[in-house]
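Please look through the structure shown here with an eye to its charged pairs, its helix packing and its backbone geometry. A briefing on these topics comes after it.

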Amino acid sequence: MFSHLPEPTLDPILSLSVAYRNDPRSGKVDLGIGVYKNSLGETPIMQAIDLAQHKVLASQKTKSYVGLAGCEEFNQSMISLVLGDSPVLDRVSAIQTPGASGALRMLGDLMRVAQPNTTVWLSNPSYVNHKPVMEAAGLKVKFYSYFCPVTKQVDKARMLEELTHAGKDDVVLLHGCCHNPTGADIDFDTWQQLTRMAQEKGFTPFVDVAYQGFGDGIDEDAAGLRYMAEHVEEMMITTSCSKNFGLYRERTGAAIVLGKSAADATKARGKLLTMARATYTMPPDHGAALVKTILLDAELKKIWQQELIVMQKRLVSLRQALCDEFRKTHNTSEFDFIQSHKGMFTVLGFSQQQMSLLRDEYGIYGVGDGRINIAGLTEGDIAYVADAILKVS
């Protein structure tokens, strides 16, 4: 049965973790896999999560099934976190999923059932899992220009021009904030223009917001998608608790659907539940229980928000420190674009060969497409990393 299968290919990001762990060099730096690290190079359990765990363990009396939709209090809390007090909440539904990738697949399957000839437009570049997940759901994929390799910023004019070709059978996938892999975000004016285009052309927006709070703040990072949600008839959203709650291994996410009416949103949710039953049946509960506990407890929510602000400000300071090192020590402004990017990632514009040199010669691990995880830096790494980047540039 299995002998004719092709040789497995390594995941371009996850395989870096294995290579990093096997590297015996003491000065190695892991800027590959997308996890947040503190100044000690650790990915800690957030204080709010630790407190919530004690609260959950003290009150939880059973490990019985929760249900196909997962924790309903979690679902409503995630809707509120993403959409705030939007007037469209009466036509929104959500289900808990195994991480945001699980949400991507569930919504991909929903599109396939609801509109089999759907084409999903992805930014070029985009999150490495977007294309394979959409294709695995049986959908066609096209790419729209997004990142200018010269300016290292969003190529707004080209993006908008290409998306004029998206029509009523198309879905346009946008990154809510902290674009992965580039770190270059669209501004609010662009969100407004894209919203008008969706109204005029008839395409359906699909927003993946995996890093809310890591860019400019919880509400600031959701401003664009909230505006869009209030001005379009239909919309899909995936959201993750991996980064902003530090729940990477708990696989905690949600799929959110905005329908033309409350009845349509209910229909979409019903189909999602049917497909979930045939896939994983029920999502894991622990992460959702922690998030729900935090978001429904005023004191825990305050602690979490304060922690998230510290994490966001640290990312900003790391970007500034790296750029200062380039400017002051090496007298170059070539990498100033790093400071204007947001969230965890930046694309250096390096070739795969240059990224291999960083890894082989200097023990600095980044993704082959030029992406580095700013959150993987420690303050003590700055000078060494800046020097190595310049040497291979």
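This is a predicted model: local features need pLDDT of at least 70, side-chain atom pairs count only at pLDDT 80 or more; totals for chains, interfaces and linings use all residues.

Residues are numbered from 1 along each chain as its sequence is written, and side-chain values use heavy atoms, with hydrogens and water left out. With a salt bridge taken as a side-chain nitrogen of Lys or Arg within 4 Å of a carboxyl oxygen of Asp or Glu, the count comes to 18 salt bridges.

**Salt bridges**

- Glu 162 and Arg 158 are joined through their side chains by a salt bridge, with an N to O distance of 3.3 Å; both residues belong to helix H6 (residues 156-163), where they lie 4 residues apart, about one turn of the helix. Helices (H or I, at least four residues) and strands (E, at least two) are DSSP runs, numbered from the N terminus.
- Glu 162 is buried at 18% relative accessibility, while Arg 158, at 48%, is partly exposed; buried means under 20% relative accessible area, exposed over 50%, and partly exposed in between, with a 1.4 Å probe and protein chains only.
- Lys 168 pairs with Asp 169 in a salt bridge whose closest N and O atoms are 3.7 Å apart; Lys 168 is exposed at 61% relative accessibility, and Asp 169 is partly exposed at 25%.
- Arg 327 and Asp 336 form a salt bridge of 2.8 Å, N to O, and a network of salt bridges links Asp 324, Arg 327 and Asp 336. Arg 327 is partly exposed, with a relative accessible area of 28%, and Asp 336 is partly exposed at 31%.

**Surroundings of Gln 339**

- Gln 339 is placed in helix H13 (residues 337-340) and is partly exposed, its relative accessible area being 34%.
- Apart from neighbours within four places in sequence, Gln 339 is in contact with Arg 319, Gln 320, Cys 323 and Arg 327, where contact means heavy atoms within 4.5 Å.
- Between the side chains of Gln 339 and Arg 327 there is a polar contact of 3.3 Å; a polar contact is a pair of N or O atoms within 3.5 Å, of which, within protein, one must be able to donate a hydrogen and the other to accept it, and residues adjacent in sequence count only if both atoms are side-chain atoms.

**Packing of H14 and H15**

- The axes of helix H14 (residues 352-362) and helix H15 (residues 382-392) come within 10 Å and cross at roughly 130 degrees; these axes are lines fitted to C-alpha atoms, for helices over the stretch in contact, and angles run from 0 to 180 degrees between N-to-C directions.
- From H14, the contact is made by Gln 354, Leu 357, Leu 358 and Tyr 362, and from H15 by Tyr 384, Ala 388, Ile 389, Lys 391 and Val 392.

**Backbone geometry**

- Asn 124 and Pro 125 are joined by a cis peptide bond with omega of about 5 degrees, and Pro 125 sits in the loop between strand E3 (119-124) and helix H5 (130-136).
- A cis peptide bond also joins Asn 180 and Pro 181, with omega of about 20 degrees; Pro 181 is in the loop between strand E5 (170-175) and helix H7 (188-201).
- Lys 152, although not a glycine, has a positive phi of about 65 degrees, and this residue is buried at 12% relative accessible area.
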